[in-house]
Amino acid sequence: MTDKIPEAVPAEPLTEKLALSWTHTARFLTTASQLVHLPATELPEIAFVGRSNAGKSTAINTLAQQKRLAFASKTPGRTQHINLFELGPKDAADALFADLPGYGYAAVNKSAKLRWQKVMADYLEVRRSLSGVVLMVDSRLGLTDLDKQLLEFVAARVATGEIKLLVLLTKSDKLNRKEADAALRATTEFLAGMTTEESDVAVTLFSALKKSGVGDVALALHEWVHAAGGMTAAA
């Protein structure tokens, strides 16, 4: 008697609900104040970066549907560690989120600013497992000089497609439609200068308060890790 070969089970189509259930699995892994203390890993790593008041921790917590996964310090700019979070099944993690320190807060002393500028620049330029960067930008301010400087650190790897880039225009609930369109247009025009045939560069409006853009971002990050492609290109 010949054993019957089981039929292949079709893969579950990616939906917003599935992507959000994946981001919900995020759990703390480790923290480090220097790159040498970060664990070597083969898992794709997605870094979250942004100014201290851009809503970075809130955005991470909203994506993960957890209130205190990413810690928002009462004194912005004082948190000076890289925090790693695992995603996927506990016995078979498939990705890491890296929460990088916020930058640009005036009360932080100059030596600390310079030290962290060096750590972040090195991380973005040489971290081998880094596969994507999510840059949080206050939609009311647009890309600041510090944001543009950070983008310079990662520009070469973005241009080759080695690293994907998504810019979240946070706090978009504070804008009316005309202001939101202007913010998107200005950011898209700047990112066009970083875009190549190989790159994956995108920008989207995001509001943790209204939960707008959350599902789209979860879908994009899931696809970064699990499949080719991502959100609509910025240019």
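Me: In which helix does Asp147 lie?
Reply: Asp147 belongs to helix α4, residues 145-159, where helices (H or I, at least four residues) and strands (E, at least two) are DSSP runs numbered from the N terminus. This is a predicted model, in which local features need pLDDT of at least 70 and side-chain atom pairs count only at pLDDT 80 or more, while totals for chains, interfaces and linings use all residues. Residues are numbered from 1 along each chain as its sequence is written, and side-chain values use heavy atoms, with hydrogens and water left out.

Me: What makes the pairing of the side chains of Asp147 and Tyr103 a polar contact?
Reply: The distance is 2.5 Å, and a polar contact is a pair of N or O atoms within 3.5 Å (within protein, one must be able to donate a hydrogen and the other to accept it, and residues adjacent in sequence count only if both atoms are side-chain atoms). The side chain of Asp147 also reaches the backbone nitrogen of Thr144 at 3.0 Å.

Me: Why is Asp138 called buried, and why is Arg140 called partly exposed?
Reply: Buried means under 20% relative accessible area, exposed over 50%, and partly exposed in between (1.4 Å probe, protein chains only). Asp138, at 7%, therefore counts as buried, whereas Arg140, at 45%, falls in the partly exposed range. The two form a salt bridge whose closest N and O atoms are 2.9 Å apart, and together with Lys171 they are linked in a network of salt bridges. Lys171, at 25% relative accessibility, is likewise partly exposed, and has a positive phi of about 60° although it is not a glycine.

Me: What do Glu45 and Arg127 tie together?
Reply: Glu45 and Arg127 form a salt bridge, with the closest N and O atoms 3.0 Å apart. Because Glu45 lies in strand β2 and Arg127 in the loop between α3 and β5, the pair ties together parts that are 82 residues apart in sequence. Both Glu45 and Arg127 are buried. By contrast, Arg128 and Glu42, whose side chains meet in a salt bridge of 3.0 Å, are both exposed.

Me: How do you know that the span of helix α6 agrees with its 13 residues?
Reply: The expected span is 1.5 Å times one less than the number of residues, which for α6 (residues 214-226) gives 18 Å, and the end C-alpha atoms are 18 Å apart, so the two agree. Ten of the 13 residues are buried, including Leu219, Leu221 and Trp224.

Me: What makes a set of residues the largest nonpolar core, and which have the most contacts inside it?
Reply: A nonpolar core is a set of buried Ala, Val, Leu, Ile, Met, Phe, Trp, Tyr and Cys residues joined through side-chain atoms within 4.5 Å. The largest such set has 36 residues, and Ile82, Tyr123, Leu135 and Leu165 have the most contacts inside it. The largest share, five residues, comes from α3.

Technical notes:
Salt bridge = Lys/Arg side-chain N within 4 Å of Asp/Glu carboxyl O.
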